[in-house]
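Dear colleague,

I am handing over the structure below, and after it I set out what was found in it. Please read the notes with the model open beside you.

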Amino acid sequence: MAVIYLCRHGQTEFNTHRRYQGQVDSPLTALGRDQASAMGRRLRGLITTDFRLFASPLGRAQASAHRIAAELGTPEITLDPRLMEIGMGAWDGLDDVEIETEFPGARDGLSPGEWFFHSPDGESFDAFSARLAAALADIAADPTPIKIIVSHGVAGRVLRGLHAGLTRGEMLAAPVPQNAFYALLPEGRITEIPA
């Protein structure tokens, strides 16, 4: 059975300080490195046939993918820029206080998941979901039976939502663990797998 395993990068320094990374980067913490290695070990126990590993080119996803690859015994990672996190423009790298100080009221009335798409110079939901949908379609069409994707929090929510046919609200409310990953199965099914 063809399956796509979808992983989020491990914890980063910005995650610990509650900064929104977007398309800027922050290194993995020691915990984040351990989380990525644990995902690789868990995947090693699940994969019994040929696989390919795809990753966002952002540093935190690449670092996580390399740790997963090391556990799986393969150095080969295909980088796909379409798997990158939401680009929030001027909000990339800021925390809540900084966003509110520099852009007062810009997020008022928006749900926690929805506001990512409302920075003055960031990506819209439609553009973001279109690039992720194109990446997911190309990866799913790859003839290798098992595919692994290493991506990001908001990107992972939308990728899972696209696979399962969820509404925008359902996608953006989905959990984004760093100590678990997801199996995207035929017919839009999704299973969470603890690392």
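The element that gives the most to the lining of the largest cavity is α6, with 4 residues; helices (H or I, at least four residues) and strands (E, at least two) are DSSP runs, numbered from the N terminus. This is a predicted model, in which local features need pLDDT of at least 70 and side-chain atom pairs count only at pLDDT 80 or more, while totals for chains, interfaces and linings use all residues. Residues are numbered from 1 along each chain as its sequence is written, and side-chain values use heavy atoms, with hydrogens and water left out.

To stay with that cavity: a search of the whole structure finds 1 cavity of 30 Å³ or more, and about 80 Å³ of space lies in the largest cavity. On a 1 Å grid over the protein atoms alone, a cavity is a set of points where a 1.4 Å probe fits but cannot get out, whereas a pocket is an open set with protein on both sides within 12 Å along at least five of seven lines, and lining residues have an atom within 4 Å of a point. Grid points are joined across faces, edges and corners, and a volume is the space filled by probe spheres set on the points. The lining of the largest cavity comprises 14 residues, with R8, H152, G156, R160 and Y182 nearest its centre, and β1 (3-8), α6 and β5 (180-184) each supply at least two residues of that lining. By class the lining of the largest cavity divides into 8 nonpolar, 3 polar and 3 charged residues, where Ala, Val, Leu, Ile, Met, Phe, Trp, Tyr, Cys and Pro count as nonpolar, Asp, Glu, Lys and Arg as charged, and the others, Gly among them, as polar.

The largest pocket holds about 400 Å³ of space and is lined by 18 residues, of which R8, N15, R19, Y20 and F116 lie nearest its centre. Two or more residues of this lining come from each of α1 (13-16) and α6, and α6 gives the most, with 3 residues. The lining of the largest pocket has 7 nonpolar, 5 polar and 6 charged residues.

N15, which is found in helix α1, is in contact (heavy atoms within 4.5 Å) with R8, H9, G10, Q21 and Q178, leaving aside its neighbours within four places in sequence. The C-alpha atoms of N15 and G93 are separated by 10 Å, although these residues are 78 apart along the chain.

Helix α6 (residues 153-164) also packs with helix α5 (residues 125-141): their axes come within 10 Å and cross at roughly 65°, the axes being lines fitted to C-alpha atoms, for helices over the stretch in contact, with angles that run from 0 to 180 degrees between N-to-C directions. That makes α5 roughly perpendicular to α6, a term that covers 65 to 115 degrees, with under 35 degrees counted as roughly parallel, over 145 as roughly antiparallel and the rest as oblique. F125, F128, S129, L132, A133 and L136 of α5 make the contact with V154, A155, V158, L159, L162 and H163 of α6, and these residues divide into 10 nonpolar, 2 polar and no charged.

With regards
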